[in-house]
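Subject: Structure handover

Hello,

Here is the structure we talked about. My notes on the interface and the aromatic rings follow below.

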Amino acid sequence: MYEKDMPPFFMRDRAGHWFGFDVELAQGIAQKLGVGLKLETDAVSFDEVIDRVANRKADLGISKLSKTLARAARVRFTDTYATMHQVLVVNRVAEARFKAGEDPWRLLDREGVKVGVPIASAYVDYARRDFSQATMKPVTDRYALLAEVAKGETTAALLPEDTVEDWLYKNPTGGLRVRAVTRPDREDAYGIAVHGSDTHLVSWLNTYLELGRADGTMDRLEATYIRDHGWRKRQ
Amino acid sequence: MAGENGSKRRVTLKFLVRPYTILVSVVAGIGFGCLFPARAALLEPYGKLYLALLQMCVLPLLMAAVISGLGRLLSSNHAGKYLVRMVLVFGAGVILAGTLGVLIAEIGDLGGGLSMKAQETLGKILSRSDITSGQVPKESVGLFTFVRMMVPTNPFEAVTHGRNLPVIFFCLLFGVALGKLRTHGSATTLVVIETIFETLLRMISWVMYGLPVGLFCLFSSQVALSGTEVFLALGKLVAGAYVGAMVLIVIYILAIAKMRRMSVWSVIRATKDPALVALGTSSSFASIPASILALQERLKIDENLSKLLIPIGVTLNPQGSALYFSIASIFMAQLFQANLGASGLLIVIFGSALAGMAISGVPAVAALSTLSIVLDPIGVPSAPAIVLLLAIDPFLDPIMTAVNVLSGCAATTVIAAKDRDVEI
């Protein structure tokens, strides 16, 4: 897993214990497989999680991993177990200087515009696709990036909706400075990463996910961590 | 006995429209809304019913007033003089109001230095709005769009849909044509239209007896439904707007007192009815009948001038709207930390005047969208500004409507000032 808290998928409670959607998913899988669970939470980027699975330093990658073609060339992904959306976060005053009424997703695809993205993540690929003319600014700290957009030091940032929601929850004044624009057709599908030769394991995991949807296990996870925000009391 | 009963009924009816009665009903309504919000919210349909009763006669009265007033004016020899005065007084008035708004907002630094709690409240409101709408800002209303909106392709369709701006435009042209005709038929037509006007005034005077109850229902339900959280977050803006409104109202009262050589208290008594209807209904158009009556009967302004200038003034002399837009624009520029130079301030002043004219009689959501006329050129995000201002609109709309209405009374008094003995 990636080393930093990524609510609501994996984060630490006040006692330092990991919990969240991905953590409970991993616990359920381990229980059904009849094995113990060891969380390795020191990957410095999401791409490093993929590297560890590809190099057999980890059995599974359950770390809100976005399914991209580049990653699929290195590991096998299960069926999608959660879908978020890509969100373009724009500084409101910077946006107002452009022509009113224009979609910022189109508006910001021009020279001179800086779009921040998390380094070594799928969002670098997403940004290259939608903002080919803008200047990419890869960053390690997503929340610091959002603070820069709020101050107007960076025009915009492309991030997952759960990251943006969490930042706005923790920084309510941020809503004054930035506008979050979601595009329904820009989904971010998460899958479990497995080594390329573990075809049987992928098949088993897909069956687990399918049965989990049928018996309500996956729905319960979504209700607990995505639709409801009661988990915040544990942080 | 019959005489005694009739006398008692007249006393009761007069009591219902006394200023103290109205004031008590307003204060009681606000108090009821604060203390018993759930029950007060139930009064909303009754308040809206009373508003509908008031508005029922407004459009036909507006048409009759503009046509007969302009028709009589143009059939006299004084038309050109009044039209020039009208343009000068209305123009100067909205620019004065816009300038005052800029001064108040700049000197008071209304949008700067908000408390963290206020910023958090506003931030949450905007974030919720971004999530629920997910829409890009609508295209701003330009000058050409405003002019295009004034011309009806079908005047009957404009009347049916209550689009006041094109109705006024059509009636202006109709009144000009009727006044210029100068035939026996046109004179008879003018008399018929004036009779319709007086009939409608009589109907509205009956509805005015229900004002205390109507205001109680309107104020209590508005306070109950609006809540106070965002009001507190935008408190400086609300306070600045009220200060500006009070300054303008004092100017109007003093101007009327000087022009009509009356005491200040007499002017207040004379204009209380249109002011209270404006405060209670937040509708300049609903206040037209009360304004015309006040000017004719209490300020002794020529009947045809008041019938003509009050409806036109609602559209072309919206000093309350100009004040509100200028204060709100500077507030938003300060809130979003957008620096305005001298050119930006001028855009705010003139843009507010223009935007104010564009929104006469239009519902709050559409009216506030016109703020983009002012905000877009100065680089201030208009969509979030509209979201925030919508939240406090129930607190500011009444007082700004009162300013619009009283500015119309004052402007008409100034335009008619030197012709106290001239009959049109």
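Contact here means heavy atoms within 4.5 Å. By that rule, 18 residues of chain A are in contact with 20 residues of chain B. Please keep in mind that this is a predicted model.

Interface. The size of an interface is often given as the accessible area lost when the parts come together. For chain B and chain A the buried area is about 1700 Å², with 62% of it on carbon and sulfur atoms. Helix α7 (residues 116-133) of chain B supplies nine residues, the largest share of the side of chain B that touches chain A. Between the two chains there are zero salt bridges, and one residue pair is in polar contact across the interface, with both residues at pLDDT 80 or more.

Aromatic rings. Over all chains there are eleven aromatic pairs. One of them joins A:Phe9 and A:Phe21: the ring centres are 5.4 Å apart and the planes stand at 50°, so this pair is tilted. A:Phe9 belongs to the segment before β1 (11-12) of chain A, while A:Phe21 is in helix α1 (residues 21-33) of chain A; the two are twelve residues apart, and the pair links distant parts of the chain. Both residues, A:Phe9 and A:Phe21, are buried. Ring pairs also bring in A:Tyr81 and A:Tyr190, giving a cluster with A:Phe9 and A:Phe21.

Charges over rings. In chain A, A:Arg234 lies over the face of A:Phe19, 4.0 Å from the ring centre. In chain B, the charged end of B:Lys307 sits over the ring of B:Phe197, at 5.0 Å from its centre.

Regards

Note on methods. Residues are numbered from 1 along each chain as its sequence is written. Chains are lettered from A and ligands numbered from 1 in the order in which they are written. This is a predicted model: local features need pLDDT of at least 70, side-chain atom pairs count only at pLDDT 80 or more; totals for chains, interfaces and linings use all residues. Side-chain values use heavy atoms; hydrogens and water are left out. Rings of Phe, Tyr and Trp (its six-membered ring) pair if their centres lie within 6.5 Å; planes under 30 degrees apart count as stacked, over 60 as edge-to-face and the rest as tilted. Helices (H or I, at least four residues) and strands (E, at least two) are DSSP runs, numbered from the N terminus. Buried means under 20% relative accessible area, exposed over 50%, partly exposed in between (1.4 Å probe, protein chains only). A charge sits over a ring if NZ of Lys or CZ of Arg is within 6 Å of the ring centre and within 35 degrees of the ring normal. Buried area is the accessible area (1.4 Å probe) that two parts lose on being put together, summed over both. A salt bridge is a side-chain nitrogen of Lys or Arg within 4 Å of a carboxyl oxygen of Asp or Glu. A polar contact is a pair of N or O atoms within 3.5 Å; within protein, one must be able to donate a hydrogen and the other to accept it, and residues adjacent in sequence count only if both atoms are side-chain atoms.
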